[in-house]
Amino acid sequence: MPIHHTLIRWRQLQGMNHSRVLIKPFNKRAASEALALNRKNLCILVRLLTGHCGLSRHMFNLKLQDTDLCRLCKEAAETPLHLICSCPALMHKRSTLLGKHIMQPEDAKFLPARKVLLFLKATNACWDI
Ligand SMILES: [Zn+2]
(Lines give C-alpha, C1' and ligand atoms only; values in the text may rest on other atoms or scores of the structure.)
Protein backbone atom coordinates (compact mmCIF):
# COMPACT_ATOMS: atom_id res chain seq x y z
CA MET A 1 0.00 0.00 0.00
CA PRO A 2 1.48 3.39 -0.94
CA ILE A 3 2.45 5.65 1.95
CA HIS A 4 -0.07 8.36 1.07
CA HIS A 5 -2.92 5.79 1.22
CA THR A 6 -1.74 4.69 4.67
CA LEU A 7 -1.53 8.32 5.80
CA ILE A 8 -5.07 9.03 4.55
CA ARG A 9 -6.33 5.92 6.32
CA TRP A 10 -4.53 6.95 9.55
CA ARG A 11 -6.20 10.37 9.44
CA GLN A 12 -9.65 8.86 8.81
CA LEU A 13 -9.51 6.27 11.59
CA GLN A 14 -11.99 6.76 14.40
CA GLY A 15 -10.86 6.55 18.01
CA MET A 16 -7.23 6.15 19.11
CA ASN A 17 -7.31 9.84 19.95
CA HIS A 18 -4.39 9.57 22.34
CA SER A 19 -2.16 7.87 19.77
CA ARG A 20 -3.21 10.24 17.02
CA VAL A 21 -2.13 13.23 19.12
CA LEU A 22 1.27 11.82 20.13
CA ILE A 23 2.36 9.96 16.99
CA LYS A 24 3.63 11.87 13.99
CA PRO A 25 3.17 9.47 11.07
CA PHE A 26 6.15 8.53 8.91
CA ASN A 27 8.72 10.35 10.99
CA LYS A 28 12.12 8.76 10.29
CA ARG A 29 13.82 10.52 13.21
CA ALA A 30 11.21 9.30 15.68
CA ALA A 31 11.39 5.78 14.27
CA SER A 32 15.19 5.73 14.51
CA GLU A 33 15.07 6.98 18.09
CA ALA A 34 12.53 4.35 19.06
CA LEU A 35 14.50 1.54 17.44
CA ALA A 36 17.66 2.64 19.27
CA LEU A 37 15.99 2.18 22.68
CA ASN A 38 16.48 -0.92 24.75
CA ARG A 39 13.53 -3.29 25.12
CA LYS A 40 12.39 -1.86 28.48
CA ASN A 41 12.38 1.76 27.30
CA LEU A 42 10.76 0.84 23.97
CA CYS A 43 7.99 -0.89 25.92
CA ILE A 44 7.47 2.24 28.04
CA LEU A 45 7.43 4.40 24.89
CA VAL A 46 4.82 2.22 23.15
CA ARG A 47 2.61 2.25 26.24
CA LEU A 48 3.01 6.01 26.42
CA LEU A 49 2.13 6.53 22.77
CA THR A 50 -0.91 4.27 22.85
CA GLY A 51 -2.19 5.23 26.31
CA HIS A 52 -2.43 1.51 27.17
CA CYS A 53 -0.64 1.67 30.48
CA GLY A 54 -1.13 1.63 34.22
CA LEU A 55 -2.25 5.24 34.47
CA SER A 56 -5.72 5.97 35.85
CA ARG A 57 -7.50 6.63 32.54
CA HIS A 58 -6.66 3.23 31.09
CA MET A 59 -7.33 1.44 34.38
CA PHE A 60 -10.70 3.21 34.56
CA ASN A 61 -11.52 2.22 30.97
CA LEU A 62 -10.75 -1.39 31.90
CA LYS A 63 -13.05 -1.00 34.94
CA LEU A 64 -10.14 -1.70 37.29
CA GLN A 65 -10.44 1.69 39.02
CA ASP A 66 -13.35 3.86 40.11
CA THR A 67 -11.88 7.10 38.82
CA ASP A 68 -9.68 8.28 35.97
CA LEU A 69 -8.49 11.39 37.79
CA CYS A 70 -4.80 12.20 37.91
CA ARG A 71 -3.33 11.05 41.22
CA LEU A 72 -1.03 14.07 41.28
CA CYS A 73 -3.40 16.97 40.66
CA LYS A 74 -6.90 15.45 40.73
CA GLU A 75 -7.93 17.95 38.04
CA ALA A 76 -8.00 15.90 34.83
CA ALA A 77 -7.88 12.37 33.52
CA GLU A 78 -4.50 10.77 34.16
CA THR A 79 -3.09 10.00 30.72
CA PRO A 80 0.44 10.15 29.36
CA LEU A 81 -0.61 13.24 27.40
CA HIS A 82 -1.84 14.95 30.58
CA LEU A 83 1.42 14.19 32.39
CA ILE A 84 3.59 15.35 29.49
CA CYS A 85 1.60 18.45 28.58
CA SER A 86 -0.45 19.93 31.35
CA CYS A 87 -0.42 18.32 34.80
CA PRO A 88 0.09 21.30 37.13
CA ALA A 89 1.86 19.10 39.67
CA LEU A 90 4.63 18.44 37.12
CA MET A 91 5.08 22.02 35.92
CA HIS A 92 8.54 22.50 37.42
CA LYS A 93 9.89 19.16 36.16
CA ARG A 94 8.32 19.76 32.74
CA SER A 95 9.99 23.16 32.54
CA THR A 96 13.35 21.80 33.64
CA LEU A 97 13.38 18.67 31.47
CA LEU A 98 11.18 19.56 28.47
CA GLY A 99 11.70 23.32 28.35
CA LYS A 100 8.09 24.44 28.89
CA HIS A 101 5.79 24.80 31.90
CA ILE A 102 2.80 23.79 29.75
CA MET A 103 3.17 21.97 26.46
CA GLN A 104 0.70 21.96 23.59
CA PRO A 105 -0.25 18.44 22.45
CA GLU A 106 0.87 19.33 18.92
CA ASP A 107 4.36 20.11 20.27
CA ALA A 108 4.53 16.88 22.29
CA LYS A 109 4.68 14.70 19.19
CA PHE A 110 7.95 16.38 18.21
CA LEU A 111 9.72 15.66 21.50
CA PRO A 112 12.65 13.25 21.25
CA ALA A 113 11.79 9.88 22.80
CA ARG A 114 14.76 10.02 25.18
CA LYS A 115 13.56 13.36 26.60
CA VAL A 116 10.05 12.04 27.17
CA LEU A 117 11.41 8.94 28.87
CA LEU A 118 13.74 11.05 31.02
CA PHE A 119 10.78 13.22 32.04
CA LEU A 120 8.57 10.26 32.88
CA LYS A 121 11.34 8.62 34.90
CA ALA A 122 11.82 11.87 36.84
CA THR A 123 8.11 11.90 37.68
CA ASN A 124 8.13 8.21 38.65
CA ALA A 125 5.13 7.85 36.32
CA CYS A 126 7.02 5.48 34.03
CA TRP A 127 6.45 2.68 36.52
CA ASP A 128 2.73 3.00 35.86
CA ILE A 129 3.23 3.26 32.12
ZN1 LIG B 1 -2.38 15.87 36.88
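Analyst: Two residues are in contact if their C-beta atoms, placed from the backbone, lie within 7 Å. Helices (H or I, at least four residues) and strands (E, at least two) are DSSP runs, numbered from the N terminus. The model is predicted: local features need pLDDT of at least 70, side-chain atom pairs count only at pLDDT 80 or more, and totals for chains, interfaces and linings use all residues. Residues are numbered from 1 along each chain as its sequence is written.

User: Which elements cover the buried residues of H9?

Analyst: A residue is buried if 20 or more other C-beta atoms lie within 10 Å of its own, exposed if 12 or fewer, and partly exposed in between. The cover over the buried residues of H9 includes helix H3 (28-36), H4, H6 and helix H7 (91-98). The buried residues in H9 are Ala113, Val116, Leu117, Phe119, Leu120 and Thr123. They lie on the same side of H9, because their arc around the axis is only 160°, taken from the directions from the helix axis to the C-beta atoms.

User: Which residues touch the most other members of the largest nonpolar core?

Analyst: In soluble globular proteins, nonpolar side chains tend to be buried together. A nonpolar core is a set of buried Ala, Val, Leu, Ile, Met, Phe, Trp, Tyr and Cys residues joined through C-beta atoms within 7 Å. Here the largest has 21 residues, of which Leu45, Leu48, Ile84, Val116, Leu117 and Leu120 touch the most other members. Two or more residues each come from helix H4 (39-50), helix H6 (80-85) and helix H9 (113-123), and H9 gives the largest share, 5 residues.

User: How are H4 and H9 oriented to each other?

Analyst: Two packed helices are described by the angle between their axes and the distance between the axes. The axes of H4 and H9 come within 11 Å and cross at roughly 90°, so these helices are roughly perpendicular (65 to 115 degrees). Asn41, Ile44, Leu45 and Leu48 of H4 meet Ala113, Val116, Leu117 and Leu120 of H9.

User: Which value does phi take at Lys63, and where does Lys63 sit?

Analyst: Most residues other than glycine have a negative phi. Lys63 has a positive phi near 60° and lies in the loop between helix H5 (56-61) and H6. Lys63 is exposed, with 7 other C-beta atoms within 10 Å. Lys74, in the loop between H5 and H6, has a positive phi of about 55°. Just after H9, Asn124 takes a positive phi of about 65°.

How values were computed:
Axes fitted to C-alpha atoms, helices over the stretch in contact; angles between N-to-C directions. Parallel < 35°, antiparallel > 145°, perpendicular 65-115°, else oblique.
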